[in-house]
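Visitor: I'd like a close look at the nonpolar core of this protein and the parts around it. Could you walk me through it?

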Amino acid sequence: MNHSKAKNQFKIIIERDEDGFFMASVPALPGCHTQAKNLPELTRRVREAIRLCLEVAKEDPDYRKKVKQFAYEPTFLGIDVVTL
C-alpha cells in the first residue's frame, strides 16, 4: 500500500484587474497573494506564495496568530451582475 504524504489544498480567489493582470489571494493564509500576466504563471506564483507563507507560519508566532485570527475557507456562492 502506498502511503504518500498528503497534499495540502488551498482555495484561491482569482480576479483580473483593469490592466489584464490576474490576481490570486489565499483566504486561508492572510496576506498571501500574487499576480501574473497569464493563468499558468499565476498558478506557479501562487504555489510559490503559499509555500512561502507556510514557511513563515512555521517560524513566526505572530503570523500564526494572524492565520488563526483572520483566515477563512471561502464557500463559493456564485457571481451576479447588478445594473443600476
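Guide: Happy to! The secondary structure of the protein chain comes to two helices and three strands, and along the sequence they follow the pattern β-β-β-α-α. Please keep in mind that this is a predicted model.

Before we go inside, here is the overall form. The C-alpha atoms of the protein chain fill a box of roughly 50 × 30 × 25 Å along the principal axes. The radius of gyration is 15 Å, whereas a compact globule of 84 residues would have one near 12 Å. Of those 84 residues, 23% count as buried. Among contacts with a separation of 6 or more, 30% are between residues 24 or more positions apart.

Now to the part you asked about. The largest nonpolar core has 13 residues, and V26, L29, C32 and I50 have the most contacts inside it. Two elements, β2 (22–25) and α1 (39–59), each give two or more residues to this core. The largest share, six residues, comes from α1.

Leaving out residues up to four places away in sequence, V26 touches F10, K11, I12, C32, V46 and I50. Two of these partners, C32 and I50, are also on the list of residues with the most contacts inside the core.

From there, let's move to helix α1, where L39 lies. Is L39 buried, exposed or partly exposed? L39 has a relative accessible area of 42%, so it counts as partly exposed, because that value falls between the 20% limit for buried and the 50% limit for exposed. L39 still has partners from elsewhere in the sequence: I14 and F22 both touch it, not counting residues up to four places away. For a sense of distance, L39 and A71 are 32 residues apart in sequence and 24 Å apart in space, C-alpha to C-alpha.

One last stop is the loop between β1 (13–16) and β2, where D17 is found. D17 is buried yet has no salt bridge. The nearest side chain of opposite charge belongs to R16, and it is 6.5 Å away.

How values were computed
Residues are numbered from 1 along each chain as its sequence is written. This is a predicted model: local features need pLDDT of at least 70, side-chain atom pairs count only at pLDDT 80 or more; totals for chains, interfaces and linings use all residues. Side-chain values use heavy atoms; hydrogens and water are left out. A nonpolar core is a set of buried Ala, Val, Leu, Ile, Met, Phe, Trp, Tyr and Cys residues joined through side-chain atoms within 4.5 Å. Buried means under 20% relative accessible area, exposed over 50%, partly exposed in between (1.4 Å probe, protein chains only). Helices (H or I, at least four residues) and strands (E, at least two) are DSSP runs, numbered from the N terminus. Contact means heavy atoms within 4.5 Å. Lys and Arg count as positive and Asp and Glu as negative; His and the chain ends are not counted. A salt bridge is a side-chain nitrogen of Lys or Arg within 4 Å of a carboxyl oxygen of Asp or Glu. The radius of gyration is taken over C-alpha atoms; the globule rule is 2.2 Å times the number of residues to the power 0.38.
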